[in-house]
Amino acid sequence: MDIAQSVGSGGTNAKCDVFCVQLLLNVWRTSRELREIREDGIVGPETIAAIEKFQHDVTKWVDGRVDPGGRAHRALREFAAPYVNEALGFISLGIPTTVIPLEYENLVLPTSELNIVRIDRLRQNRDISR
């Protein structure tokens, strides 16, 4: 779940990196029962506010930006690691993880399965965009 460039306030905000950070933020937000942000690859006020909320609650260093290998990026990756590992296990076994239409995922999937679907979507997006 690496990013190549900074995401957020004053960041480079490459679409693929932004999408990755948005997805990681939503994995964290879902576990905290917070409203999800749009996963659209575009940095706007909603994404910056989500970064700042994560930083305030987790890293205690708030600048509204996620830098590659920085404090917020490391914390997001560490939090998402169990979901990533589980998703990669399913993917490597060839078990489809996106069998439920995405518009219904919040209604029917428990948190851990929802995050596996998100990680699978990230993998698909990265495969297409690179």
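Helices (H or I, at least four residues) and strands (E, at least two) are taken as DSSP runs, numbered from the N terminus. The structure is a predicted model, in which local features need pLDDT of at least 70 and side-chain atom pairs count only at pLDDT 80 or more, while totals for chains, interfaces and linings use all residues. Residues are numbered from 1 along each chain as its sequence is written, and side-chain values use heavy atoms, with hydrogens and water left out.

On this assignment the secondary structure of the chain comes to 5 helices and 2 strands. Along the sequence these elements follow the pattern β-α-α-β-α-α-α. Of the 130 residues in the chain, 41% are buried, where buried denotes under 20% relative accessible area, exposed over 50%, and partly exposed in between (1.4 Å probe, protein chains only). The chain exposes about 7000 Å², of which carbon and sulfur atoms supply 53%; accessible areas come from the Shrake-Rupley method with a 1.4 Å probe, and for residues only the protein chains shown count as cover. Contact means heavy atoms within 4.5 Å. Among contacts in the chain with a separation of 6 or more, 53% are accounted for by residues 24 or more positions apart.

Helix α1 covers residues 15–31, and its end C-alpha atoms are 24 Å apart. The expected span of a helix is 1.5 Å times one less than its number of residues. For the 17 residues of α1 this gives 24 Å, which agrees with the model. The helix is mostly covered, with 15 of its 17 residues buried.

D17 is located in helix α1 and counts as buried because its relative accessibility is 2%. A polar atom of the D17 side chain lies 3.0 Å from the backbone nitrogen of Q5. T30 is also placed in helix α1, and its relative accessibility of 12% puts T30 in the buried class. A polar atom of the T30 side chain lies 2.7 Å from the backbone oxygen of N26.

The structure holds 0 disulfides, a disulfide being a pair of cysteine sulfur atoms within 2.5 Å. C16 is in no disulfide, and the nearest cysteine sulfur, that of C20, is 7.1 Å away. C20 is likewise in no disulfide, its nearest cysteine sulfur being that of C16. C16 is buried at 14% relative accessibility, and C20 is buried with a relative accessible area of 0%.

A nonpolar core is a set of buried Ala, Val, Leu, Ile, Met, Phe, Trp, Tyr and Cys residues joined through side-chain atoms within 4.5 Å. The largest such core has 22 residues, and those with the most contacts inside it are V21, L25, F54, V66 and L76. Two or more residues are given to this core by each of α1, α2 (45–59) and α3 (71–93). The most come from α1, with 9 residues. In soluble globular proteins, nonpolar side chains tend to be buried together. When neighbours within four places in sequence are left aside, F54 is in contact with L25, W28, T59, A72, A75 and L76.

E33, which is not a glycine, has a positive phi of about 60 degrees. K60 is placed in the loop between α2 and β2 (65–66) and is exposed, with 61% relative accessibility.

D63 belongs to the loop between α2 and β2. Its relative accessible area of 30% makes D63 partly exposed. The C-alpha atoms of D63 and E52, 11 residues apart along the chain, are separated by 6.8 Å. Leaving aside neighbours within four places in sequence, D63 is in contact with S9 and Q55. The side chains of D63 and Q55 are joined by a polar contact of 2.9 Å. The D63 side chain also reaches the backbone nitrogen of R65, at 3.0 Å.

How values were computed: A polar contact is a pair of N or O atoms within 3.5 Å; within protein, one must be able to donate a hydrogen and the other to accept it, and residues adjacent in sequence count only if both atoms are side-chain atoms.
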